[in-house]
Every structure is written in structure tokens, then in C-alpha cells.
Amino acid sequence: MAEPIRYRSTRDPGQAVSFETALLQGLAPDGGLFLPEHVPSLPDDWRAAPSFAAMGDAVLGRWLGKELPAAARHRIVTEALDFPVPLVPLRGDGWEDVYVLELFHGPTLSFKDFGARTMARLMDHFLARRGGTLTILVATSGDTGSAVADGFAGLDRIDVVLLYPEGQVSPVQERQLIVRRPGVRAFAVQGTFDDCQRMVKEAFMDPGLRPYGLSSANSINIGRLLPQMLYYLWAVRAGGFEEAVCCVPSGNLGNLTGGVLAALGGLPVRRFIAAHNANDFFPRRLAGQAADFGPSVQTLSNAMDVGAPSNYERLRALLGEEGLRARIWGTSITDEATRASMRRVYAATGYVADPHTAVGLEGARRYRAAEGDGRPLVVLSTAHPAKFPEVVEATLGFTPEAPARLAAFWERETAVQPLAPTLAALREVVAA
Ligand SMILES: *Cc1c(COP(=O)(O)O)cnc(C)c1O
């Protein structure tokens, strides 16, 4: 087998580190993001794997082969990725050959369970081997926090500090964040998601906090991106597609980066569609317009309310400006168009989409209309509609049925504290 894959910062590519280091550090010391030196090709027989976990095991073996013993990898992948990943064909006029890839069958009902559950177990493995403990700092616009809290809860070597913008996540999202979990502390920050993300970045750069072994679980962590490649493969395999187009409801662009890594490894994806809400930095850049990172705008699809998508830096480093435009088609969808999308899809096909998935479905519809591309089109469904009962009710006129694992959150005890949107406030929390 080839040498282990090394990782370098997007900023100062000077020093290469192991996967273990990239995983446990999160952000590179120069503030850049870790990227693999090269992307390994998919195993020849990746389509033949009998299950999602078996496929994940084989594919991640190419990435982690030398650093992670096969038995540990097998156990981690099998435990973390133990829920179904259905590819649902839409049936209705105008939606021929469009498929919804449901990524919300994990414990916290969003696609973030894939990355968080896998990453938690990978970190725990390496910490057990080298000794030591970590504090994971997470800024969340909704779903990351609950997936990370759930994925990491109860691990002896890892504590979690969760920051979320007070009043800017849905009641169901908040409930999933603040249920009491061993080793997890939740804070409602008096600011925006961008404040939360800035506080986390500043904490990492703060020499005074170095002794606390801080790490991240945001999509800046490479350990979350690798498992996020796998469902793109699964969709192509499950559909038996020769080539597909994948539409990704996007915010911080971590999900899309997973897909791009899969494509660079050989997955036949003709084009990616980056479907954004009103936070339109990336679509504007793709259209060649001047656009800068800005403050985030609140929308119905709040887990995508990101004004400064971190993974843009990674995508640009992976593909270059030209490659970005060749491979990715972008669009920005207003709240009004998001609601119209939910209604249109429901009327034509009976499918109930959450607001994030509805942004994706509208992106897919616009792409087809603009490009006339009839290839199979896979829309990633990133959250279960029952996570957003208010929006579904107001838009479709009924409340989506909540799966039992969601209803159970309302029976648990909660614990949350307010926090000022400053590094000083966060310092006290970490040092406590
Ligand atoms: C996080 C999230 C997104 C955005 O994913 P990124 O990787 O940040 O682009 C989309 N939908 C839902 C439901 C999410 O939780």
C-alpha cells in the first residue's frame, strides 16, 4: 500500500502532518484548513460493497490505511454509520430522474450525524493510543451542535463546549442542543452564528488557551469531511448511475467539499449544484461577480445561514477558480422561493421537504431549466422535516410526523447558560 496521506494547510503549505494531527488539531496553526496532499482513487470494487458501512470501510481504508489498523477502522465505521441512507426517486410531472438522498436517518436527524459520529470515534481512538484529553469547541447554526453533542457524549477523554446564537435556532434544534449530556456544556451566545464561529477561531489562536487542548468539530475539521464523501458514492451505487449531478443545500460548504473529494477520487459526478439561501457569497463568486464574506442573513433554512463559508478556502485550493466554475453550478434561493419549492414539490410528488432540502430541490429545478441536463439528479436531503414543524405547518398546512427518536428529546432534562459574544467570555468557560 502507498505511503500514508499527509495533510497541509491551505495557507502555508510548508509543513505536512499526519491525519491524526490534522484531526486532533482541527485548524492548522496558521489559521488555514487542512487538505490532503493527494486524493486517493476509489477502490476498484467500491460499487460491490454489501452495505453502506462496508463501502465506507473500504473507501476510508484508502485514506487512513496506514494510520488506522483495519480492525479499528472497521469497528469505528460500523458503529458510526449504522443507520439507513435511502435514495428516494421522486414521482411526478417535472421531476423525472430526480432522486432525494435522505441523510437524516441518524440520531439527531440531520446529515451532520455522519461526520460527527465518525469523527468522535476517530478522535477517541487516537487519544486512547497517545493519552491525553481534548476540549471540542463547536459553533453551531443549529444541526452541528446536536450531532456533535450526541456523537461525543460520554467519551471520557473528550469534553464538548457548544456555542449557538440565542434565538436563531428553531425550538426543535434548540431542544436537541440543550438536553443534558455527560461531558457536554451548551451556551446560548448573545450574537449571530458568525460571532460564535469567530469566538471559536479566536480561541484557537489564543496562546493562553493552548494548555486546554482545544479542537474543533466544525466542518473545518478534515475528520468530518471524509465520511461526508461516502453518501455521494452510495447514491451513485444505489441508483446504478453511470454519471450523476448532485445538488447540495449549502452553507459552510463542508458537505459540498465531501462531494468534491469523492469526485476527485473518481466518482462520476458531472456537476455539483451549490444551492444556497439568501447567504449568496458562493453563487455570486461562481457567477464571476465581486463578492466578499459578509455578515450572515437569517433565513428559513437557518443551518445554512453562513455569510463567510469556511470551506470556500478548501474548495478553491482543491479546484482553483477555473475548476470551481467548471464543476459547480451555484444558485441563491429566497425564503419565498423556498416555501414555493416546498409547495411545488409536495403538490407534484407528495414529498415533504424540510426548508434546507427545499432549497436543494429548487436549485435542482433551476439547474435543469437553465442547463437542460437530463442526467440523473440527486438532491441531498440534509434534515428531516420534523425538525422544522413551524415552517412545514405554515407552508403546507400540516405538521410533519416526528419520528420516535425526535419526540424522545422532549422528555429529557436540559442544561444551558447564556454567554456574551466575546473571546474573554469564552476563555472563562474553557478554563473553568
Ligand atoms: C449544516 C447544514 C447544511 C449546510 O451544510 P454545510 O456543510 O455547512 O454546507 C444544510 N442543511 C442542514 C440541515 C444542515 O444542518
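These legends go with close-up views of a predicted model, in which local features need pLDDT of at least 70, side-chain atom pairs count only at pLDDT 80 or more, and totals for chains, interfaces and linings use all residues. Residues are numbered from 1 along each chain as its sequence is written, and side-chain values use heavy atoms, with hydrogens and water left out.

**View A. Who surrounds the ligand.** Here 15 residues surround the ligand, with Lys112, Asp143, Gly251, Asn252 and Thr382 the closest (near means a heavy atom within 4 Å). That shell splits into six nonpolar, seven polar and two charged residues (Ala, Val, Leu, Ile, Met, Phe, Trp, Tyr, Cys and Pro are nonpolar, Asp, Glu, Lys and Arg charged, and the others, Gly among them, polar).

View B. A polar contact here is a pair of N or O atoms within 3.5 Å. The side chain of Lys112 puts an N or O atom 2.5 Å from a ligand oxygen. Gly251 uses a backbone N or O atom, 2.8 Å from an oxygen of the ligand, and Gly254 has a backbone N or O atom at 3.0 Å from a ligand oxygen. Taken alone, the ligand exposes 380 Å², and the protein buries 98% of that (Shrake-Rupley method, 1.4 Å probe).

View C. Arg73 pairs up with Asp57 in a salt bridge, their closest N and O atoms 2.7 Å apart (a side-chain nitrogen of Lys or Arg within 4 Å of a carboxyl oxygen of Asp or Glu). This pair links distant parts of the chain, 16 residues apart: Arg73 sits in helix 3 (residues 70-80) and Asp57 in helix 2 (residues 52-64) (helices are DSSP runs of H or I, at least four residues, numbered from the N terminus). By the salt-bridge rule, the count comes to 21.

How values were computed: A polar contact is a pair of N or O atoms within 3.5 Å; within protein, one must be able to donate a hydrogen and the other to accept it, and residues adjacent in sequence count only if both atoms are side-chain atoms. Helices (H or I, at least four residues) and strands (E, at least two) are DSSP runs, numbered from the N terminus.
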